Amino acid sequence: MEPSVPFKNLHNREYQGHKKKVHSVAWNCAGTKLASGSVDQTARVWHIESHGHGKAKDIELKGHTDSVDQLCWDPKHADLIATASGDKTVRLWDARSGKCSQQAELSGENINITYKPDGTHVAVGNRDDELTILDVRKFKPIHKRKFSYEVNEIAWNMTGEMFFLTTGNGTVEVLAYPSLRPLDTLMAHTAGCYCIAIDPMGRYFAVGSADSLVSLWGISEMLCVRTFTKLEWPVRTISFNHTGEYIASASEDLFIDIANVQTGRTVHQIPCRAAMNSVEWNPKYNLLAYAGDDKNKYQTDEGVFRIFGFESA
């Protein structure tokens, strides 16, 4: 039974392990493990029980020599994870052993990484607006493209036939995959587009912008269906829940907004103490992981993330 007011009596839990702030959180495909990537140059993998209590066991992924800015799990393998770092490398890890199994040295500081839904390719974006596609098995680049505009977050659609780039010009560039031929330029926002999320049901994608809006687009007709207007600061991070019913969005506003995708109405807000860097829903349950610029009373980074959606604190 869905409660009549979704998310009303649910709690969050805090997970501490990093020495500096957490930039990115991501769930594995089974919804059993959460990875966190930090400015402290490490990633950590946490075993999360959706109903259990107690301490989460975590394992440290060590080897990067700069901030771990984004990470993503293999969509077909619950123990393989890829990390992108400012040290110019992309690494593939086995989350059971914590060992790095593959490493690719690229040309710039990597800030974005995403898997193709079938698990065969990984796309990496760097600070110089260069896109590299790696073949996962050989872990070697198969495409490289430099763009003349600011490229922010990147994503494939669910079938892997389309590739999206959000840009600093307020557009979403839609490319055919694997040719990377331009299909469409969507004038999405009046300011830079920062983040993109794909509805797990394959109907929509959502874009978060510096204009503080989140826009929802129908994938088949490439039209904007509605906008979500609750945030007042640039939208840094967005995520659909596993059923595609809800979308979470966050910024420097001191709350995370959870809205109903069909009505556009806010159903819940999670208060937070700092600007958020990453929100991500679990692929099986309504658990939302989130991480931001939290500081302690001495104004140093806390290195924590939280998960909202537990029935007890």
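Colleague: How many positive and negative side chains does the protein chain have, and how far apart do the centres of the two sets lie?
Modeller: Keep in mind that this is a predicted model. The protein chain carries 34 positive and 38 negative side chains.

Colleague: How many salt bridges does the structure hold?
Modeller: A pair counts when a side-chain nitrogen of Lys or Arg is within 4 Å of a carboxyl oxygen of Asp or Glu. Lys 62 and Glu 60 pass, at 3.7 Å from N to O. The total for the structure is 14.

Colleague: Which residue forms a salt bridge with Glu 14?
Modeller: The closest N and O atoms of this pair are 2.7 Å apart. Glu 14 sits in strand β1 and its partner in strand β28, so the bridge ties together parts that are 292 residues apart in sequence. The partner is Arg 306.

Colleague: Is Arg 306 buried or exposed?
Modeller: Buried means under 20% relative accessible area. Glu 14 has 41%, so Glu 14 is partly exposed. Arg 306 has 9%, so it counts as buried.

Colleague: Is Lys 62 buried or exposed?
Modeller: Here the cut-off for exposed is over 50%. Glu 60, the salt-bridge partner of Lys 62, has 26% and is partly exposed. Lys 62 has a relative accessible area of 61%, so Lys 62 is exposed.

Colleague: Which residue forms a salt bridge with Asp 69?
Modeller: Their closest N and O atoms are 3.7 Å apart. The pair links distant parts of the chain, 58 residues apart: Asp 69 is in strand β6, and the partner is in the loop between β11 and β12. Asp 69 is buried, at 11% relative accessible area. Its partner is Arg 127.

Colleague: Where does Trp 27 lie, and is it buried or exposed?
Modeller: Trp 27 is in strand β2, residues 22–27. Its contacts, leaving out residues up to four places away in sequence, include Trp 73, Trp 281 and Ile 307. The C-alpha atoms of Trp 27 and Leu 71 are 9.8 Å apart, though 44 residues separate the two along the chain. At 5% relative accessible area, Trp 27 is buried.

Colleague: How many helices and strands does the protein chain have?
Modeller: Strands β1 and β28 have already come up, with Glu 14 and Arg 306. The count for the protein chain is zero helices and 28 strands.

Colleague: What is the radius of gyration of the protein chain?
Modeller: The globule rule gives 20 Å for 313 residues. The chain comes close to that, so it is as compact as a globular protein of that length. Its radius of gyration is 18 Å.

Colleague: What share of the 313 residues is buried?
Modeller: Arg 306 and Trp 27 are among the buried residues. In the protein chain, the buried share is 58%.

Note on methods: Residues numbered from 1 in each chain as written. Predicted model: local features only at pLDDT ≥ 70, side-chain atom pairs only at ≥ 80, totals over all residues. Heavy atoms only, no water. Helix = DSSP H or I, 4+ residues; strand = E, 2+ residues; numbered from the N terminus. Buried < 20%, exposed > 50% of the residue type's maximum accessible area, 1.4 Å probe, protein only. Rg over C-alpha atoms; globule rule 2.2 N^0.38 Å. Lys, Arg positive; Asp, Glu negative; His and termini not counted. Charge placed at Lys NZ, Arg CZ, Asp CG, Glu CD. Contact = heavy atoms within 4.5 Å.
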